[in-house]
Each structure stands twice: as structure tokens, then as C-alpha cells.
Amino acid sequence: MTAETSPAIEPPAGRGRDIAAKPRWRRFLTGEDGIQKVVFYIPLVFMTLFFALPVALTLVWSVFERTRFWMEPGFTLFAYETFFTSARAENFLHAMMHSAGAVVISFVLGFPIAVFVRRRVPEIAQHRVILLFILPFMISELIRIFALRPVLSRHGLLNSFLMDIGVISEPISAILFTPLGVVIGEVLSFLPFMVFSGFLAMEAVQKYVFEVCDDLGAGTVSTFKDIIVPLAAPGIFAGSVFIFVNGLGVGLIPNILGGPGATNAGSIVFESIVALDFPLAMAVSAIMIVTLMALLYIGHRLFDLTRILEPIS
Amino acid sequence: MMDTYANPWAYRAQWAYLLIIVGALMAPVFYTIYISFNEHGFGAQIYDFTWDWYVVLFRNQQIIDSLSWTAYLGAATILTAVPMGLIAAKYYKRTRHKVVFVTLMLSPLFVPADILGSALLVYFKNLNRAFEWLGDSLGVTWFYGWFELGFFTALVGLILWTVPYAFVVILITMSRYRVQQTEAARSCGATAWQAFWQIEFPQIRVGVFSASAFVFILSFNEYTRTSLLKGGFDTFTTVLISHMFNTGMSGDSYAMGGLVSVISMAVIGAVLVYTLAKAERLEREARAKAEPVAA
């Protein structure tokens, strides 16, 4: 059968006929294989150009040679040498320990809330209860850290409260401007994230799992250790990595709460930029990025982090 | 194993614990607001209520200018990050490479502000130099200053910070949408745009609205990325920090902190009330339309 002899097939009313009649440029603007298809790639292109590329290039810039006000292409490990042979490396390790402490405290304080909401709160109200934690999370991190100064200081809210209830007779002055102040700042800044990611992971756990545990007579500890933690492991891990990396990288926390000399990776990077030592700033950034990528890769291999997104996929 | 009905006190204790944690997270913010209304500032033995610190704030031209810049940046971030989050959510639904795409979209949440801000600063400086070199090679000045630190670079930093939130919020709303409705609309002759705009968008409007509010709050509150990428102008948070480090914690610093917190709480409170009321109404409608269960 040839095209001449075949009966003309009438396109359905609407888009088929419209598109066939349109010139090519209009088809590009309105057709589904034209600009509409291109639009879908905008986020991908934007994130690649302005996130993936700059982050990957920190590795390259970290080996450039420092000039007086900038840097020039070359290969030197001087920035890494400067970092590892100075007090910065020791400060970095201390910041890592503080951050790890904040992770543990956030898990102990925050994860039971995620479990409680998933297990005990009626399903219809669960998201509303979790929304309670959106409020502190949405108030500026800067303000939440800044607001801790009057709370933790010698004449602040915490000391007044402890003295009023008779726990202490003299105000404690070793909270603000100490590592303890930094850890408190990290916990109060990032705790909601442990609740969110823990709850998101718990959403994938069906409620009958808890009923089965009850029916089989499993104790609270064994249910938590053998059932809840393994099932919620991706969420716990994602929350922990977020807190660890941000505790290590948000320079404002030690700047505002840690007192003189307190530092972490973020403040080292910021100070290096101010001192126009760009290769050093990029070297510390590269160390942070590699640490983050390694942690996420290990977590993904161990726990399959995509499981967290199952409820919204 | 705890039984809610057999042991109601343990259940109540768990609720009390949850509320204590929320209270502990919010207490410093409310305490700052409380101090901001004390005429004598922090640490005074007496408390006299006053609006004066806020009056001082709004008479300061630098603060007014910084609030304007913050509002411009917030509006520009909403206009760019929310559509991008929406497109990303649509792309996520149709792509086969979900893991790679979602990793790329959510990674900016995990990279601390100082690290990403510094990487972008160096990136923009390099791009600027590269474009200047290109302009010089071609003998034109048109390429000069494209990536000079300023509004555009600060906006890019804010988009990177806010787009993961917009993406997740819209994706959550989209997960309740049934794609069969789009298929039905297409079968009836609707174009892809008509099917999206007239069928899908009305059902995900709440998510887009919430994402806009979150994006605004996040951009309003952001400090580190903006301070690294903003160039010559100041935003409210950069003024607050320079004020705090240069002149110490005065009464107007607390008023600035109080103002940021009140605006954030008002916006987020309005969003929560609106979305919950909307969800309630949709639920009632769904119940009313539902078929009765056969006996």
C-alpha cells in the first residue's frame, strides 16, 4: 500500500492536528520534544554547573600555587603540608570529636522521639507532630546560636534556672566559650534533623512489625536493638552524617559559642579566605568534601540510603 | 512492652519529653525576644517593657537598606528556586537514574555553608577571570563582570541552599497525585502543559505554596553563603553579625534577633495553619465523596 492510496488518517481533535499544522519554530516552543523537554534538564544543568563542578574543583585548586592575592595553576601540596603540620590539624581533630559527641547526644535525645511518634501517635496525626520540629529548624541557625549566648552565660537563663531549683548554689561559668558550649550549640542546631531523618526511615517500617514484636514477647531493649535500629539504619546514618559534617563545617558555632581559639573546618576555611590563602581554604574544603563523600558512600553500601526516600518515591 | 492503655502515665511521660525537647529548642529564641523588650537589656536586675530597641532599629538607614536587599534576594530566590524544585520533582518522577539525580539534588544540604560558599567564591572568581580573558581575546568588553560578586552570585548561593527543600516539599505533595489523571487528560486531547497546569498543578499547589514560604525563610535567614558571595551590599543577617562582633551584644542586637525570629515564626505558622486547614478540608471532601462500604 502506498501513501497515495492509503486513506488519510484524521488526527484526533486537539494536540495532534495542532502540532502537525504548526511551523517548526512553534513546534519547538510548544511541542513536547522541543523546549518542554529541554526545561526538564535545567535543574540538572544548574546543579552540575554551580554545585558539582565547584565542589569537585576544590581538589584541583587545592594544589595550585599561592600568589600574593590569588593563586596560579601548578602542582604543590604546600597547602596540605601547611594544614597537617600546624595547629589547624589538631583543632580539626578536636572539632571532629566535638561533632561526634553532638551526633551521639542528638541520637540519644532525638531518635526516641521519631520512634515514639511512629509507634504510639495515631497515623493521621504523625506528620503534624513532626511538624513541631520544623519551627525551630526554620528559625535562622544564626539566631539559634546567637540566642544561646544569653542562655548559657554566667548570668544567663540556664544558671538562673539551676540556681532557682537549688541544683547549684554558684553560677557555672564553664559552659559558654568552652567546648561544652560548642557541643550544646551543635546539638540544639541539628537535633531536628535526627528527628526528621529518623522518622522518615521509620515510615518505611510497617506498624504490624511492632505488633509482631509485642505478640512474640520481645522486650523493649531487644525490639529497639534488633528490630528498630536495623530497619531505621539508613535514616539514623543520614541524620548522623548531616550532624557530623555540619558540626565540623559550620564555622559560626565555635565563633559565637567557643570563645577565643575555638575553631573547626568551616572557620579555618573562612579565615583562610579572609587571609587570601585560597589554596589552603580549598585544601580544607577538599578534605571535608572527600570525608563527606566517603561517609555517604560507605553508608550507601552498608544501609542503602535510597530506602529513606521510599515513602515519597 | 509498653501498652498505651495499660500504662497511660508512660505514654504521657513520652509526650511530655517530646514537648520538653521542642521547648528546649525554642527557649533560647523566646528568651532573646523577651530580652529585646527590656529597656535595660540583658543581665539587668529589673525588667521594664519597651519598644525602644525596635524603634532604634527602624530608624537606622543601614538596617532598612539591608532589609530591602534581603527582600529582593528572597523574592528572586522564590522566583527561581521554587520553579526549579518543581521541575526537578517532575524530572525525578520520570528519570530512570533516580539515585544519581536525587544525590545531586540533595547533596547541597550536606555540604556545610562555609565550604560550599568558599568553593563558589573561588569558582566565580575563576569564571570572571576566564570570561575577561575571553573578552580580551575577542576584543570585546561584553564578557566583563558577568560573574563579579554581587546579587547574581549571592542568588546562586541561595538557590543551591534552598532548592533541595523546595524539591523535597513538592515531591512529598506530588507523591499523593495519581498519574492516571494526567493519562486520562492526555487521552482526551490535552497537551502536556494543559494536563500539568489544569489537572496536576491545582492538586500540588499547597506544596508549591509551602515550598515558596520555606524558600523565603531560608533565604531570609541565611548568613554564611550570602556573606561570602554578596559583594558590595548587606543583608539583614550580615549586618546583625557585623554588629554583634564589632559593637557587642547591645539591646538592638537582641531586637534584630527578635525581629528575624518573629518574621520566621509568623511565616512558618501561617504556612502550617494554611496547609493543615487545607488538608482537613480535602479529607472532609474525600470522606463525603467516598462510596459507602457495602454491607
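Modeller: A:Ser173 lies in the loop between helix H11 (157–164) and helix H12 (179–203) of chain A. Helices are DSSP runs of H or I with at least four residues, and strands are runs of E with at least two, numbered from the N terminus. This is a predicted model, in which local features need pLDDT of at least 70 and side-chain atom pairs count only at pLDDT 80 or more, while totals for chains, interfaces and linings use all residues. Residues are numbered from 1 along each chain as its sequence is written, and chains are lettered from A and ligands numbered from 1 in the order in which they are written.

Chain A as a whole is divided into domain 1 (15–71) and domain 2 (77–312), with bounds from an automatic or database domain assignment. The C-alpha centres of these two domains lie 34 Å apart. Each domain gives 11 residues to their contact, where contact means C-beta atoms, placed from the backbone, within 7 Å. On the side of domain 1, helix H4 (residues 42–61) has the largest share, four residues. That side of domain 1 comprises eight nonpolar, two polar and one charged residue. Here Ala, Val, Leu, Ile, Met, Phe, Trp, Tyr, Cys and Pro count as nonpolar, Asp, Glu, Lys and Arg as charged, and the others, Gly among them, as polar.

The contact between the chains takes 72 residues from chain A and 64 from chain B. H4(A) gives the most to chain A's side, with 12 residues. By class, that side has 53 nonpolar, 12 polar and seven charged residues.

Within chain B, helix H3 (residues 61–94) and helix H8 (residues 192–221) pack at about 140°, with axes 8 Å apart. Axes are lines fitted to C-alpha atoms over the stretch in contact, and angles run from 0 to 180 degrees between N-to-C directions. The two helices are therefore oblique, since angles under 35 degrees count as roughly parallel, over 145 as roughly antiparallel and 65 to 115 as roughly perpendicular, with the rest oblique. Their contact has 10 nonpolar, six polar and no charged residues.

Definitions and conventions: Contact = placed C-beta atoms within 7 Å.
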